[in-house]
2 protein chains.
Amino acid sequence: MMTVQQVLIDGQWTTSAGTSTFQAVNPKTKEPLPGKYPISPWAEVVRAIEAASRAAAIVRDWSGDRFATFLEKFADRIDARAAELIEIANLETALPVQPRLKDAELPRTSNQLRQAAQAARDGSWTSPTIDSAPNIRSMLRPIGPVVVFGPNNFPYAFNSVAGGDFAAAVAAGNPVIAKGHSSHPGTTRILAEEAQLAATETGMPAGFVQLIYRTSHDDGKRLVSHPAIGASGYTGSRSAGSQLKEAADRVGKPIYLELSSINPIYILPGAIRERCAALAEQFASSCLMGVGQFCTNPGLVVVQAGAESEDWIRQVAERFQAAPVGTLLGPSVQNHLEAGVQTLVAHGATIVTGGASGGGAGYCCQNTLLRVTGTKFIASPAALQTEAFGNASLVVVVDSEAEFISVTQALEGNLTGCLYTANDGSDDSLYDQIAPILRQKVGRLLNDKMPTGVAVVSAMNHGGPFPATGHPGFTAVGIPASLKRFAMLQCYDGVRPHRLPAMLADKSPHSALWRMIDGKLMQGDVPAAK
Amino acid sequence: MMTVQQVLIDGQWTTSAGTSTFQAVNPKTKEPLPGKYPISPWAEVVRAIEAASRAAAIVRDWSGDRFATFLEKFADRIDARAAELIEIANLETALPVQPRLKDAELPRTSNQLRQAAQAARDGSWTSPTIDSAPNIRSMLRPIGPVVVFGPNNFPYAFNSVAGGDFAAAVAAGNPVIAKGHSSHPGTTRILAEEAQLAATETGMPAGFVQLIYRTSHDDGKRLVSHPAIGASGYTGSRSAGSQLKEAADRVGKPIYLELSSINPIYILPGAIRERCAALAEQFASSCLMGVGQFCTNPGLVVVQAGAESEDWIRQVAERFQAAPVGTLLGPSVQNHLEAGVQTLVAHGATIVTGGASGGGAGYCCQNTLLRVTGTKFIASPAALQTEAFGNASLVVVVDSEAEFISVTQALEGNLTGCLYTANDGSDDSLYDQIAPILRQKVGRLLNDKMPTGVAVVSAMNHGGPFPATGHPGFTAVGIPASLKRFAMLQCYDGVRPHRLPAMLADKSPHSALWRMIDGKLMQGDVPAAK
């Protein structure tokens, strides 16, 4: 009998009380991978919540430096165990070792942890604000234990126990309860092992980092709405996420969700005239990169009817046909992709190329390009915005400038929106009509580049209006902004000086800290009263 | 037949299409006041939404200076029409002319508008962030038309068309659809008249400021969840607010709510020993100020059992009996207050003084002090935290330090929490046990002062965990922080320079603007690449 892997609760790797288990599947072979993982019952989840609460109470007044030290140690440990992490993630996800796992995602992940550490150490992201005359002071402080639900498509960079939400929650001073994704439990286990070792080495309390692999959907809802939980982060499917959102919203618990995004691309007529082949190449490679399994995958492209656009579509189709068919992350991704394509077809889209399952190893579908007229899109905008997550995209062919506008007005919220325009200025008037409408519907507006590739820089916004996320004011990528999600605003009114957090004391805890003092942004101590 | 007042839609005072009307009531006489006000049907609300959308599109790229000019002109106009505003608000709310309406609330209101104008002009609150090498830039920008629901208890400072939410939404660059409170429509009408005149004088588009007086509850839900609405602000009862919250949450529309807060006060044993009479006086006057009709009214006070606390309770009761009974804002306030007191009694509280309706002019209840043991409080924590909005407070008498902790753990989220401690340090160890728990449950923690009196300063937090508000990261008072509620994060990735907002251009639009450029907070232009 195969051993069941242990859960990480209250500082200990512990045998789960759960009686049912699951196994990961190798998407390339469709064979189960070694290792059984437990489904945690509610009582076990409660033990994790209680341990996280105790940990939160212990670390509440710690300086950012302590969280930074943990994050940096953890990053070093991940890098040191790279070979094993790459091997298992490749088996569990079928994502290629190079360049994806080894050269891109793993370095990004440890880099994110180090960037978060820097932000924690600096602390300026907490916006310390002091009005000295009335002695009122405020700043963003830890919100409480954070639950992170990781998605299937980034085994490291969005992993519940090592990814962007984890880094942000910890840098903001919160314990994390990680809920791993069932498709890559082995990767998650190794990351959690290293997190726990780093936590021990750096003196973090038991329960600061915890991991469960799976719960029932109902227990997930109870978890995000539990009184002792501060906030949750979720990246995944719209249906499961919407249920968690409803449960958390009902009791006013912040939950940050990344649900669904088709990332519209506009290729305006002048751009197609100027650089048809280059744009076909850029679009096809962005669509098929990672088998299309990116949150920012361009699932919708809008072009104007005409011979040049037909030529562009033909060139894209040729590239789709010529490109190898990649392996999808698992059976549910394949099922959803097939269902998505069927929904699009049922509402008037036609298949340009692909459309059937198979064509590659393991779970896979042919590289699929669909098309639909602007008129039909406007008639069924909700159905034709169904996210077909994977290597499929829909071209909307509009017959007028007015239809460009109508299609844009019919769009839901998205993470990104891109506009390609001619270099000679011939598209500028159309750009000026579309961009203001698109701007309000997307978190990130791009010019002349594809949305895949999310740079981890301060100005990045990986967010956007619902259903892309649950609140358009926040980003999941981009440090320090992403930390703000896991903080609450705490004001101290007339509080005696020795009881203030160090960041709000008259004397600044370190010279680099920016604070708003009596209406002026400054570094250093509170100036002596005149 | 009495003329029905007009609604302000799309830049025009217009006869409402509504067929039903309401009248305000003078709370002191219980007589209806002159003036009939319409209940707007859904089609009229849609006209307002459409006009607001057009206005939003027009002002989208305007500089903060234009919104500032409007806000300042409006503030001047309010001050100039003070006499009329004070007369009508006094009739509609029974709040005293002096000091409340004339010396406190009206100056606060025009001051808030001017502070918001300054923040709009400066623009640093938008956190412009530029990463120059990858050419990725982001900032907070207008979220779209904002709906503001004003409460009954601040006819000016939280008024839907002139108060804090209005000022913040406009300063952030958004049109406002104001939904007035039915208890003071005449005050709201005058404020809207001045807002519209200021808007015309300063070149704001039609539909930038609009007013409807009332809708059905269902239409309110449709309004906050309408696709063209950016966000909503609501201050009022928990039951109505929860319904709006659910409707907005379902479609991912931000809604900022201030729902319910009983603002716990702890008077620790040493403090009572040191200054019993002074604390009885402070508490009684904070409780009865404005007939207890403040969001930050201290509705719950926790003391330790013993002779000194009994003396304190007796002294508070004497002051409650000696103080005149004020007039409540209206019949529903009286009904809710009576029902609240009944709920407390039904769950084990006993009446120390008051408890009956009457005792003053118009709608009123006796100044009411209740008490309950810590044990009973912990047994029915939800019921014994029922907000009895008005001149009533509940004393929880605990019998041990442990019970102080248990009571604190049982608290829901609140706007404020206060701890009074001895000056000789004898309460410090108990403070250190209670404060960390209380800290996570309140937006503003106070020492040795009552929570009534919300200073409009940058460091203020008028917010807190649910049910105090809907999200503990935001404040409704305190500029510029309150503006962030009505903004979305917009990122520009590779966008051509001439298409960027001025605040994100290489050249800074004005020398005072703070921007994060390549990881450094600075004023001035983007430094030339090395």
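Okay, let's start with chain A: the C-alpha centres of its domain 1 and domain 2 lie 33 Å apart. The domain assignment, and bounds like these come from an automatic or database assignment, gives 7-259 plus 476-482 as domain 1 of chain A and 265-447 as domain 2. Between them, 13 residues of domain 1 of chain A are in contact with 11 residues of domain 2 of chain A, where contact means C-beta atoms, placed from the backbone, within 7 Å. The domain 1 side of that is four nonpolar, five polar and four charged residues. For those classes, Ala, Val, Leu, Ile, Met, Phe, Trp, Tyr, Cys and Pro count as nonpolar, Asp, Glu, Lys and Arg as charged, and the others, Gly among them, as polar.

Quick housekeeping. This is a predicted model, where local features need pLDDT of at least 70 and side-chain atom pairs count only at pLDDT 80 or more, while totals for chains, interfaces and linings use all residues. Residues are numbered from 1 along each chain as its sequence is written, and chains are lettered from A and ligands numbered from 1 in the order in which they are written.

Now, how do the two chains meet? 56 residues of chain A are in contact with 56 residues of chain B. Strand 21 of chain A gives the largest share of chain A's side, seven residues. By class, that side has 28 nonpolar, 17 polar and 11 charged residues.

One open sheet has 12 strands, in the order 23(A)-22(A)-7(A)-8(A)-21(A)-20(B)-19(B)-14(B)-15(B)-18(B)-17(B)-16(B), with mixed pairing. Strands pair if DSSP finds at least two bridges between them; strands themselves are DSSP runs of E, at least two residues, and helices runs of H or I, at least four, numbered from the N terminus. So which strands stand at the edges? Strand 23 (520-523) of chain A and strand 16 (350-353) of chain B each have a single partner strand, so one side of each is left without a neighbour in the sheet. From one strand to the next, the twist averages 25°.

Strand 16 of chain B pairs with strand 17 (368-373) of chain B in the antiparallel sense over three bridges, and B:Thr350 stands opposite B:Arg371. Helix 11 (331-346) of chain B lies across strands 16, 17 and 18 of chain B, at about 15° to strand 18. Helix 13 (401-409) of chain B lies across strands 15 and 18 of chain B, at about 135° to strand 18. Those axes are lines fitted to C-alpha atoms, for helices over the stretch in contact, with angles from 0 to 180 degrees between N-to-C directions.

There's also a parallel join between chains: strand 20 of chain A pairs with strand 21 (487-493) of chain B over three bridges. There, A:Leu445 stands opposite B:Tyr492.

Over to the inside of chain B. Is strand 9 (146-149) of chain B covered on one face or both? Both: B:Val146 and B:Val148 on one side, B:Val147 and B:Phe149 on the other, are all buried. Buried means 20 or more other C-beta atoms within 10 Å of a residue's own, with exposed at 12 or fewer and partly exposed in between, C-beta atoms being placed from the backbone. Strand 9 of chain B runs parallel to strand 10 (176-179) of chain B, joined by four bridges, and B:Val148 stands opposite B:Ala178.

Terms used
Contact = placed C-beta atoms within 7 Å.
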